[in-house]
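This briefing concerns the structure shown below. Please keep the sequence and the model in view while reading the points that follow.

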Amino acid sequence: MKVTEKPSSSYSGAMTPASMELKNERVAETKAKTDVVSGLVLSVMAGAFISMGATFMLVVKSDAELPFAATQLLGGFAFTLGLFLILAAGAELFTGNCLMVMGPLAGRFSWKRLFASWALVLLGNLVGSVLAAGLVLAAGVASANGGAVGEAAITVAEGKVALDWGVAFARAILCNTLVCLAVWVGHAATSVTDKFFSALLPVMAFMAAGFEHCVANMFFLPYALMLQATGACAGSVDLAGVVSNLTAATLGNLVGGVVLVGMSYWFVYGRGRSRG
């Protein structure tokens with residue numbers, strides 16, 4: 001007999017994995033019902049939040065005195081700002097919304113609605129990231145630390161466009177596996193502190209390892225193009241490289257978030273349970 005599970009806790013207020021799956025189904029259903037204008041605004045905000053975390057990370061990376069491991073770890077810590085703001089303040093991030101796949105799998109809404117939501121959020125994230133890149137450019141952040149922040153931005157972007165498509169794709173799968181695990185745990189958080197720590201280690205891990213996050217790259221790559229176009233910094237980032245990276249990162253993020261996290265947890269905990 002099928003039963004409907006109610007969110008429960010196993011110990012110390014922590015939700016069980018099965019309850020977390022049910023919570024994520026309900027979150028997906030709520031997101032799917034969001035009207036287009038609200039969804040677009042929240043998506044633009046998410047792109048901007050991720051961009052602020054990325055800018056924070058560039059400031060850290062501009063310090064040439066730091067050893068590699070410290071730079072990667074501190075840069076990852078700084079980048080956590082973006083996902084923390086999304087979890088705590090509320091915004092719609094494409095990579096995290098890959099978990100919405102649980103909704104149609106559970107019969108809560110249609111696949112058509114899922115794809116429409118993803119398309120809207122991805123567009124909004126791109127708009128927010130590019131607008132943020134323009135504001136960071138106008139604010140002259142690249143000139144900080146004697147211009148080292150701008151140099152760090154170019155170095156980061158050049159490294160991304162130089163990646164082979166398959167390498168970027170694999171790194172993106174790994175990236176969004178971690179991001180979606182952070183969001184998965186974040187949905188079970190009961191306080192702002194919980195949300196911060198749910199984001200911290202997964203985000204630090206993917207940034208330190210150099211994995212590819214499509215929304216972050218929607219900031220890094222346009223920002224580098226803007227720096228080059230205005231003569232603020234010299235670099236070799238080109239449009240073809242940007243397109244190659246963003247397609248690989250977006251598709252890889254989909255595989256990591258949808259298949260390795262969303263579908264996997266639904267298969268284990270949601271399959272065979274009646275809708276509740």
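A residue counts as buried under 20% relative accessible area, as exposed over 50% and as partly exposed in between, with a 1.4 Å probe and protein chains only. The model is predicted, so local features need pLDDT of at least 70 and side-chain atom pairs count only at pLDDT 80 or more, while totals for chains, interfaces and linings use all residues. Residues are numbered from 1 along each chain as its sequence is written, and side-chain values use heavy atoms, with hydrogens and water left out.

**Confidence**

- The mean pLDDT of the chain (the predictor's confidence in each residue, from 0 to 100) is 93, and 94% of the residues reach 70 or more.
- Residues 1-12 have a pLDDT below 50, yet this stretch has 29 contacts in the model beyond near neighbours in sequence; contact means heavy atoms within 4.5 Å.
- Where pLDDT is low, predicted coordinates should not be read in detail.

**Overall architecture**

- The chain contains 10 helices and 2 strands; these are DSSP runs, helices being H or I with at least four residues and strands E with at least two, numbered from the N terminus.
- Starting at the N terminus, the order of elements is β-β-α-α-α-α-α-α-α-α-α-α.
- The radius of gyration of the chain is 19 Å, close to the 19 Å that the globule rule gives for 276 residues, so the chain is as compact as a globular protein of that length. The radius is taken over C-alpha atoms, and the rule is 2.2 Å times the number of residues to the power 0.38.
- The C-alpha trace spans about 65 × 40 × 35 Å along its principal axes.
- Among contacts between residues at least 6 apart in sequence, 83% join residues at least 24 apart.

**Surface, burial and charge**

- Of the 276 residues, 49% count as buried.
- The accessible surface of the chain comes to about 11,800 Å², and 70% of it belongs to carbon and sulfur atoms. The area comes from the Shrake-Rupley method with a 1.4 Å probe.
- There are 16 positive and 14 negative side chains, and the centres of the two sets lie 16 Å apart. Lys and Arg count as positive and Asp and Glu as negative, without His and the chain ends; each charge is placed at NZ of Lys, CZ of Arg, CG of Asp or CD of Glu.

**Thr55 and Ala133**

- Thr55 belongs to helix H2 (residues 36-61) and is buried, at a relative accessible area of 11%.
- Ala133 lies in helix H5 and is buried at 0% relative accessibility.
- Beyond four places in sequence, Thr55 contacts Val136, Val141 and Phe219, while Ala133 touches Phe219, Tyr223 and Met226.

**Pro104**

- Pro104 sits in helix H4 (residues 102-105) and is buried, with a relative accessible area of 10%.
- Leaving aside neighbours within four places in sequence, Pro104 contacts Phe109, Ser110, Trp111 and Leu114.

**Asn145 and Lys160**

- Asn145 occupies the loop between helix H5 (111-138) and helix H6 (148-161); its phi is near 55°, a positive value in a residue other than glycine.
- Lys160 lies in helix H6 and is buried, at 9% relative accessible area.
- Not counting residues up to four places away, Lys160 touches Phe211, Glu212, Asn217, Phe220, Leu221 and Asn245.
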